[in-house]
Amino acid sequence: MNIIGLDALVFAVDDLGAASQYLRDYGLHDAGQGRFEALDGTAVVIAAETDPALPAPPAPGCRLRKTLMGVADAAALQAIAAELGRDREVRRLADGSIESVDDEGFVIGFQVTVRKPLALAGEISNAPGSPVQRPVNAKGVDAQAPQIRPRTLSHVVYFVADAARAEAFYVQRLGFRCTDRFVDVGPFLQPAGTLDHHTHFFIGAPAFMKGCEHFTFHFGGPTEVLQNGSRFVEKGYQAFWGPGRHELGSNWFWYFNSPFGCHMEMDADMDQHDPTWQPRAKPLAADNSQVFLLRHRSKWMPGPGTPETGDYA
């Protein structure tokens, strides 16, 4: 199954105005009709909680209503329809996509991907002993840079009642593979059409918690995550976790509370793995979840009388 990754996530929200402003401030392009896009066209789609067109949630209170995945071509789409049609309903929608449910009750859709190719350099750095990467006289950061834009929809994390059952469905029916896992918690999963460490992560949890824990877009590098995240905090949004860098996947992260009943992350520089990679299994612990964790604070300037404790909070 040549599934490339996430094309869109659909959420139900209480306040369309506030949710729209949140996504614009995050850096997504308002494409109209509740669609907010990254640079490659992948998106978050929002609708009012009362909209009858929204798919049903996997459990009461879950605001994530649909996960739409992009595939390489029409043949891949047909193969998925045939596979899922063996034991569940597969609906063909007017836009050419298909829709069904996974074994945990999450609504899933598939379409020939809308992703547009990007020709953008990622963040580069110069280091002693290495050939020059960033050209001479080219600045590494611009304090006055315009709104930073996320590049592509990265991954989604589900709370699931049975992580083994969820994993089996995506691996056996949709061709995903496990790249790493937290023991007794759940797997990180990668579809066949990408080298990204994961597009899905499942966390085993009580059935009443079933839903979305977080989702995120990839940015161009750690500086974009830190600069955009700092601006986000200055606009009044509440940070939840980070900034820091994960152990499994190696991606930089910064999580924020959101209007979507889950957290929304900014991330960058995720590991890339091919089928020769051997998955790791680690217990869930702080040391295995992050290599380091930083704390944001308002800008300041050392000067006469500055405390010498190193803690200026």
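**Note on strand pairing and salt bridges**

1. Strands β1 (residues 3-13) and β5 are paired in the antiparallel sense, with seven bridges between them. Within this pairing, Ile3 stands opposite Val71 of β5. The model under discussion is a predicted one.

2. Strand β5 also pairs with strand β8 (residues 107-112), here in the parallel sense and over five bridges. In that pairing Thr67 stands opposite Ile108 of β8. Eight of the eight residues of β5 (residues 64-71) are buried, so the strand is largely enclosed by the rest of the structure.

3. The structure contains 22 salt bridges. One of them is formed by the side chains of Arg65 and Glu49, at 2.8 Å from N to O. Arg65 belongs to strand β5, while Glu49 is in the loop between β4 (43-48) and β5, so this pair ties together parts that are 16 residues apart in sequence. Arg65 is buried, with a relative accessible area of 9%, whereas Glu49 is partly exposed, at 34%.

4. Glu83 takes part in a salt bridge with Arg173, for which the N to O distance is 2.3 Å. Because Arg173 lies in helix α3 (residues 163-173) and Glu83 in helix α2 (residues 74-84), the pair ties together parts that are 90 residues apart in sequence. Arg173 counts as buried at 11% relative accessibility, and Glu83 counts as buried at 17%.

5. Glu83 also forms a salt bridge with Arg86, whose closest N and O atoms are 2.6 Å apart.

6. Which residues are linked with Glu83 in a network of salt bridges? The network comprises Glu83, Arg86, Asp87, Arg88, Asp103 and Arg173.

Definitions and conventions
Residues are numbered from 1 along each chain as its sequence is written. This is a predicted model: local features need pLDDT of at least 70, side-chain atom pairs count only at pLDDT 80 or more; totals for chains, interfaces and linings use all residues. Side-chain values use heavy atoms; hydrogens and water are left out. Buried means under 20% relative accessible area, exposed over 50%, partly exposed in between (1.4 Å probe, protein chains only). Helices (H or I, at least four residues) and strands (E, at least two) are DSSP runs, numbered from the N terminus. Two strands pair if DSSP finds at least two bridges between them. A salt bridge is a side-chain nitrogen of Lys or Arg within 4 Å of a carboxyl oxygen of Asp or Glu.
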